[in-house]
Every structure is written in C-alpha cells, then in structure tokens.
Amino acid sequence: MRVRQFLLAAMLSLVAGAVSAQTIDAARSSVSATFKQMGVPVEGKFKKIGGQVSYDAANPAAARAQVDVDIASFDLGDPQYNREVQQKDWFDGARFPAASFVSTGVKAAGAGRFEVSGKLTIKGRSVNVSVPLSARADGGATVFEGSVPVRRLAFSIGEGEWKDTALLADEVVIKFRLAVPAGK
Amino acid sequence: MSAPYTSTAKWLHWLVAALIFANLALGLTMVDIPGITPTKLRYFNWHKWVGVTVFALVTLRLAWRAMHPPPPLPDSMPRWERRAAAASHAALYALMFALPLSGYFYSLAVGFPVVYLGLFPLPVLIEPNPALKEPLVLLHHVLAWSIIVLLLVHVGAALKHRFVDRDDVLQRILPRQT
C-alpha cells in the first residue's frame, strides 16, 4: 500500500515535470473532521499526517498532491472515544490504518483560490471529491487551507445501529491546513 | 384553611418535580451503561435538555415567587420547623440551579457544547478543559445525591404535615383544592 502510494506520488511528480514534490511539513499542518451528534458539533484531529505536494505558483494547474493521514492518530479528546472510533463499525483502524487524498486535477478559482479534484479514500472506500482551497506564501512555505463536506456513510463510517443519521449526521466536514516547504 | 399557592405556582412545582425525578432516573441509568452505545448518547443528550429545561423553569418559578409570595405557614408550626422549612426550601432552590449548571459546565469542559433539543446551540462559556472534567463531574454527582436526600426530606416533611400534624401544608400545593 505505502509502496504503491509512494510510486504513485513519484509518478505524479514526474508528470508534473518542472516542480519536484515537497514533503508536507506535518508540524505546521493539521487535518480535522467535524461531525454533529444530535446537533452537537464534535471535532476530532488527525495527529499524524504526511504526504507530498508539488506546487508552482507560476503554474498552479500542474500542481499535484497526495495527503495521507494516520487513522490511529484520530483524537477526539477522550481516550474512551478514541478507542471506540478505531472499532470495526467506525474506522476499522486495524484493517485500514491510513486514509488518503490523491489529486487528479487543479482548477484556478480566483486569486489564490483553487478547486482541487481528487480521490478520497477512507476505510478502503474511494470517493471523488472536489475541494475548494486557498494557497498563500507563509514563511518559506506555501500554506493550503480549506474544508470539504463528505458523507460518512459513503465510507461506511458508523455501521449497524450507528447508521442512524438523527443520532449522528451523515455530513462530516474535513478541515485542513497543509504547509508545504517552497522549493524547486 | 389557609390560602393555597397560585395555580401557576402549583403547575411549576409539579412540572419541575416530574422533570427532576425523570432526570435523576435518566442520569442514574445512563452512567451505568457500559461503553459507548447509541442509547447512551441519546440519554446523555436528553438528560442535558431536561436539565436546561429545569434551569429555565426554576428561574421562572423564582420570579413568580418573588411577585406572589407563598401563603404563610400555619401558626401551629414550632419555630424550629419554620426555620427548617425555610432552610430546606432555600437549599432545594440552590440545588435546582447548581445541579444543571454543574452538568452544563462539565459538558463544556469535556468539549460537548449543549445544543438544546438538538436545534438551539447554547452559549459556550468555557473552552474544553481536561483538568476541569474530574472536579466538575464529582461536583455534579455530589449535588445530585444532595438533592436526592433533600427531596426525601421534602416528601417526608409533606407527609408528616398531612398525616402526623394533620395541618393543610401539603394540600396548599395539591391541584384543585376543595
């Protein structure tokens, strides 16, 4: 899995051509998921994230991104809940230890704004998503920020009696901030 | 026969009484459900909504009480009983505020803001704070057991008035007095 992802990233960076892929600066990046439990917003953070981004501000349409998150690092702020969401009905972290996003295309959407389409894979299920984001230079890095709503049931997150969307809304908003060191 | 409570006061009393009994039962039940289940999450949310409702109704009760003082106690009551009645009623009112508040702040400390009936987000007065979780949940439990004890005293005193003293203190709060 990891090898395949690495090869894919490598291939994508070759396709991208002039710009080499840079590793995401995890310390300055964050990915979170916010869901609603009987109307109550609850946010969980993925503490371990990684991936590669090739981005040239002069030619953003050629940008490529691969983002990986470590499912076991999902933190809801309570050890009991953290254990629960690793169970089979939820993320099934033992079988699917990583989630990923691999871009397939980038469209400019105004100054410093882009629409990135790609494939989001969680719990072994892949869904095509379109992610609006902003890009700005910040301290020797490019910071990409955005959020995208997804449907948890499309990824079978919360199976069995947890399918009840009155208890747990289907919509989950994934929010991210990715810092990518500038470099050619 | 001395004057009864106003019918608004009676309604508020019995409504709040029913909600408190329901919420004590719900609270004691939900904390005994092991693990994390849909039922448990539902009970926790209902418990919070009922607690918020009690808080609002008790605020209303106190406002009503300020404008409509309760009927005087019978002259036959000794002084210590009057004092005990005043003190236990004051303590009950204090607990009816403190108990929901301690639960509300506990929920905020854990990082679950209260959304009334799943529709109306209530103010987030403190940030999630793991250090406050233990003391607040302990406080909530101590206050819950305190109100249980006080309610037993309250009901016991009402029955004493009815069957031992044979005065009309209990009847003043009962519906449709004759």
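Start with the sheet of chain A in this predicted model, an open sheet of eleven strands in the order 1-4-5-7-8-9-10-11-2-3-6, with antiparallel pairing; strands, like helices, are DSSP runs numbered from the N terminus (E, at least two residues, for strands; H or I, at least four, for helices), and two strands pair if DSSP finds at least two bridges between them. Select strand 1 (22-23) and strand 6 (74-75) of chain A, which stand at the edges with a single partner strand each, so that one side of each is left without a neighbour in the sheet.

Before going further, note that residues are numbered from 1 along each chain as its sequence is written, and that chains are lettered from A and ligands numbered from 1 in the order in which they are written. Because the model is predicted, local features need pLDDT of at least 70 and side-chain atom pairs count only at pLDDT 80 or more, while totals for chains, interfaces and linings use all residues.

Next, select strand 9 (residues 125-138) and strand 10 (residues 141-151) of chain A, which run antiparallel and are joined by six bridges. Their hairpin has two residues between the strands, and A:Gly139 takes a positive phi near 55 degrees there. Center on A:Gly146 in strand 10 of chain A, which stands opposite A:Leu133 and has A:Phe176 of strand 11 as its bridge partner. Strand 11 (residues 168-181) of chain A pairs with strand 10 of chain A in the antiparallel sense over eleven bridges.

Now move to where the chains meet, a contact that takes 13 residues from chain A and twelve residues from chain B, two residues being in contact if their C-beta atoms, placed from the backbone, lie within 7 Å. On the side of chain B that touches chain A, the largest share, four residues, comes from helix 2 (residues 38-67) of chain B.

Show chain B as a whole: four helices and two strands, running α-α-α-β-β-α from the N terminus on. The C-alpha atoms of chain B fill a box of roughly 55 × 25 × 25 Å, taken along the principal axes.

Within chain B, select helix 2 together with helix 3 (residues 79-110), whose axes come within 9 Å and cross at roughly 145 degrees; the axes are lines fitted to C-alpha atoms over the stretch in contact, and angles run from 0 to 180 degrees between N-to-C directions. Their contact involves residues including B:Phe55 and B:Val58 of helix 2 of chain B and B:Phe97 and B:Pro100 of helix 3 of chain B.

Finish at helix 4 (residues 130-165) of chain B, whose 36 residues should span 52 Å at 1.5 Å a residue, in agreement with its end C-alpha atoms being 51 Å apart; the expected span is 1.5 Å times one less than the number of residues. Color its buried residues, B:Leu136, B:His140, B:Leu143, B:Ile147 and B:His161, where buried means that 20 or more other C-beta atoms, placed from the backbone, lie within 10 Å of a residue's own. What covers these buried residues includes helix 3 of chain B. Just after helix 4 of chain B, B:Arg166 takes a positive phi of about 55 degrees.

Conventions
A residue is buried if 20 or more other C-beta atoms lie within 10 Å of its own, exposed if 12 or fewer, and partly exposed in between; C-beta atoms are placed from the backbone.
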